[in-house]
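Here's a quick tour for anyone meeting this structure for the first time. Have a look at the sequence and the model, then read on.

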Amino acid sequence: MTPTDRTHRTVDVLVIGAGPAGLAVAARLAAAGVDRVEVLDREQRAGGIPRHCDHTGFGLRDLRRVMTGPDYARHHIAAAIRAGAVLRTGVTATGWAAPRTVDITGPTGLERITATAVVLATGARERPRSARLVPGTRPAGVFTTGQLQQAVHVHHQSVGHRAVIVGAERVSYSAVTTLRRAGAEVAAMVTDQPRHQTHPARHLGTRLRHGVSLVTDATVTELTGRERLESVRLRHRDGRTAAIGCDTVVFTGDWIPDHELARSAGIALDPGTRGPATDPEFRTGAPGVFAVGNLLHPVETADIAALDGRFAAAPVLRHLAGVPWAPGPLPVRVEAPLLWISPNRLTPDGPRPPRGRFTLRTTRFLTRPVLTVSQDGRTLHRGRLPHTAAPNRPFHLPADWIAGADAHGGPVRITAD
Amino acid sequence: MTVTTTGDLPDEVYDVAIIGAGVVGAAIARELARYRLRIALVEASNDVGNGTSKANTAILHTGFDATPGTLEARLVREGYQRLTAYAAETGIPLEPLGALLVAWDREQLAALPSLAEKAARNGYDETVILDADAVHAREPHLGPGALGALEVPGESIICPWTTTLAYATQAVRAGVDLHLNCPAGAITTGADHHEIATPRGVLRTRHLVNAAGLYSDEINRRLGHEEFTVTPRRGQLIVFDKFARGLVDHILLPVPTALGKGVLVSPTVYGNVMLGPTAEDLDDKTATGSSADGLASLREKGARILPELLEEEVTAVYAGLRAATEHGDYQIHADPGRRYVAVGGIRSTGLTASMAIAAHVAELLGDCGLDPGPEREIEPVRMPTIGEAFPRPYQRADLIAADPAYGTVVCHCERVTRGEIRDALTATVPPGSLDGIRRRTRALAGRCQGFFCGAAVRAQFEAATAAQDRTEARR
Ligand SMILES: Cc1cc2nc3c(=O)[nH]c(=O)nc-3n(C[C@H](O)[C@H](O)[C@H](O)COP(=O)(O)OP(=O)(O)OC[C@H]3O[C@@H](n4cnc5c(N)ncnc54)[C@H](O)[C@@H]3O)c2cc1C
Ligand SMILES: Cc1cc2nc3c(=O)[nH]c(=O)nc-3n(C[C@H](O)[C@H](O)[C@H](O)COP(=O)(O)OP(=O)(O)OC[C@H]3O[C@@H](n4cnc5c(N)ncnc54)[C@H](O)[C@@H]3O)c2cc1C
């Protein structure tokens, strides 16, 4: 055996990432009769992030019932296998040998798989403390929610006694639940926004049940402590500073797609989402390469990721049937304070996004904003959102206007005021 | 092979004890291990290379810009040669990228010829002065406004963690006792030997080497010497995601001017890009934190040098403390009467100079009456490959076929396998913490900083530590 020996195979569809999105697309394709659908995951177990979200709240939109993360993961794994997809875990897609040829490392050796269609479903991660440039010492006790949940729910590790949670969005409240389960007290939640960004009932429940106080309009300016974290220093918008004693801090939210594979293929990223730029048919700029799930929209709930997978099956089937690759040529861009829009490429006479709408994010609270869609100075659509747009939560823009866009014009712009 | 982390120190009188297992202390231990001597390397923390040696800019300097005629100039030049050869032999990741000292204004441009001259006086003749076009041709992503550069082809990047670990591993395998968690306290110097108080009992040694880095002045005072005082000079650094690696091909050094050294942009052997360091004189020898001001100033300078760099994600932020003194040169002094050598003031070039410092210290110990006896061959070491310029285990079909653990990736961002982590945990000098695993394997050092693998790596570490404790208890 030489160091570079690789087995070489071909499949019809290679799905990279066995989270809800990847499993859902694989299940649909296998059920539709595609011969060889292979799903890879680099973790030892399939299921993606829900695997270690040991709390309820999964499945409402795709399965019409609510279950725990691990149950939800099991459901999608079973469905993919039952449909006839091949599911392999503990194998990592490490790079590309050619446009639809992926190199793989696993305990059985090195492989090279060529597929007619590749579906990227690699998910998203939270930015760690370093990426957020939070100064101070580098003690133990600094987590992201992903790490915290695996420590507590998968490995049953201790995580400390008193924690501060940075962020007040949906996932931050999951972190509270996990910390309480691990026996830690939550000293405070800190958000740089003027209010929390979850359902009011969730926030109220957390406050009443766990006595967690929310510090708004504040940023973390420093971590202190040598071996172990000792405190988190804060600065309020009005200049006041404070320190909260704690041995644990969890940096929640602030998502970035795990776009490494996409980027290393030279696939263009959308400047807002930082995931691959895709059209309503989940096509990236690379022929035969699709992308689904939180890789495209960091982040939506698991059921939305799974629905992506379901909706992507039809375009993948069209590609397998030999329909020419013609991804949407027009970029769709948002302007501040909007953060991103997905999908973010379109063809004016092409299909609308699934469920007839685009998904967006804002960086700050906007009370019933007017959303304007324009192209080269021409207004294509203007409409008032019927509710407040909150940061870290989705809101939607109907897609009726896309037929009015000029296929040969400049980028479509979305503004909010 | 002896590495101890707890319990009483052995009841013997060593020939030589070295205080401090940084890159310098470890190099000295390795150098002396080439003789039949009983040597102790004692380190306050739970690992080797846990002080300044873990937090620097990781450049193997040619010594082109040293002050000619100083001890530092000579030891850096010699150290560069020695460590280049040693790295090839042991597998320490090293990449000879070459440096460009980029001139951003007239004053800096005017300084280039004299820097080339200084390099020549330091015995380095290979510098080339480049005009603006040549600079931009070599570094197309460089910010606008570069007027020219001095090219120093020999400047290299190296892995500082593997370097210290290689020295320590080779020393221990050749018979050196490494005592971790063993801070040296009061020292009593008798006619025949020193007695050094530690929380783990008294350490006895005929000869004493002080390689305590930031604390070398304090140890020096305990021996009755006052030659130097260490003032920590903090350097903060920002490490960018591997996607930035394509933006830069050389070490981009600042042109030193009257206003100070400035910051550099350099690839790392792990495939990242580093921006820094700051230079801040402090009085706290433990102030290895970063500051908002420091990071902001680095980003501002980086934006000028390599604008696209700032669009990439930040992987890590850290700070190291240079052991600066009131002197312009290394502070290496022998006191033959007390059979003592002080190795202080190893400021910003100690990684490069380490092997030459070690050889110099061995000579000074001779002046102190140490008779090392005949030299002997010591067993070569081969270190795990953690640099990107060489095939890593996850890319090696032969390794995976022999042991599937090398095909099981645990840390996804850095592609570190279960086999590599296991090897590190059972190595001659095992890690004392998760940080130690990070420095040996790069697990946890990637863009997610543990989001995906933090808990799994911790589980593997804790299982190994528990197994070790059980074996020790049985003994
Ligand atoms: C703490 C937390 C709580 C949450 N709570 C809820 C909730 O209550 N309800 C809800 O609906 N949603 C919740 N979510 C969100 C939900 O988990 C995500 O929306 C969902 O997992 C996204 O699915 P995905 O398939 O896009 O990505 P992921 O689930 O992230 O799956 C991606 C998969 O790709 C694999 N992968 C990546 N790169 C490679 C590679 N190179 N080779 C092989 N495999 C690779 C990964 O190992 C991973 O398994 C929560 C998320 C978090 C972090
Ligand atoms: C920001 C920065 C950038 C740098 N860049 C470079 C570079 O690019 N190239 C280069 O060659 N050099 C560089 N350097 C310099 C280099 O890192 C140092 O010169 C070198 O690491 C010094 O090694 P040392 O062994 O003397 O000190 P240290 O690594 O600090 O080791 C001293 C050891 O002594 C131990 N100790 C202290 N007191 C006691 C005691 N009482 N008992 C027991 N143990 C004790 C400490 O715990 C420590 O482990 C840089 C330094 C900094 C800070």
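## Around ligand 1

A residue counts as near a molecule if one of its heavy atoms lies within 4 Å of it. Keep in mind that this is a predicted model. With that in hand, ligand 1 turns out to be surrounded by 38 residues, and the closest are A:Asp41, A:Gly57, A:Asn294, A:Glu300 and A:Ala302. Sorted by class, that shell has 17 nonpolar, 15 polar and six charged residues.

Which atoms of A:Asp41 lie 2.5 Å from an oxygen atom of ligand 1? They belong to its side chain: an N or O atom there sits at that distance. A:Glu300 uses its backbone instead, with an N or O atom 2.7 Å from a ligand oxygen. A nitrogen atom of ligand 1, meanwhile, is 3.0 Å from a polar backbone atom of A:Ala93. On its own, ligand 1 would expose 1,000 Å², and the protein buries 96% of that.

Several elements of chain A give two or more residues to this shell, among them helix 1 (20–31), strand 2 (37–41), strand 6 (92–98) and helix 8 (302–320).

## Chain B as a whole

Now over to chain B, which has twelve helices and 23 strands. Its radius of gyration is 22 Å, close to the 23 Å that the globule rule gives for 475 residues, so chain B is as compact as a globular protein of that length. The C-alpha trace spans about 65 × 55 × 40 Å along its principal axes, and 60% of the 475 residues count as buried.

## An annotated stretch

An unreviewed UniProt entry annotates residues 409–459 of chain B as "domain: BFD-like [2Fe-2S]-binding". This stretch is 43% helix and 10% strand, with its end C-alpha atoms 15 Å apart.

Note on methods
Residues are numbered from 1 along each chain as its sequence is written. Chains are lettered from A and ligands numbered from 1 in the order in which they are written. This is a predicted model: local features need pLDDT of at least 70, side-chain atom pairs count only at pLDDT 80 or more; totals for chains, interfaces and linings use all residues. Side-chain values use heavy atoms; hydrogens and water are left out. A polar contact is a pair of N or O atoms within 3.5 Å; within protein, one must be able to donate a hydrogen and the other to accept it, and residues adjacent in sequence count only if both atoms are side-chain atoms. Accessible areas come from the Shrake-Rupley method with a 1.4 Å probe; for residues, only the protein chains shown count as cover. Helices (H or I, at least four residues) and strands (E, at least two) are DSSP runs, numbered from the N terminus. Ala, Val, Leu, Ile, Met, Phe, Trp, Tyr, Cys and Pro count as nonpolar, Asp, Glu, Lys and Arg as charged, and the others, Gly among them, as polar. UniProt positions are given in the numbering used here, feature names are shortened, and annotations may be inferred rather than shown by experiment. The radius of gyration is taken over C-alpha atoms; the globule rule is 2.2 Å times the number of residues to the power 0.38. Buried means under 20% relative accessible area, exposed over 50%, partly exposed in between (1.4 Å probe, protein chains only).
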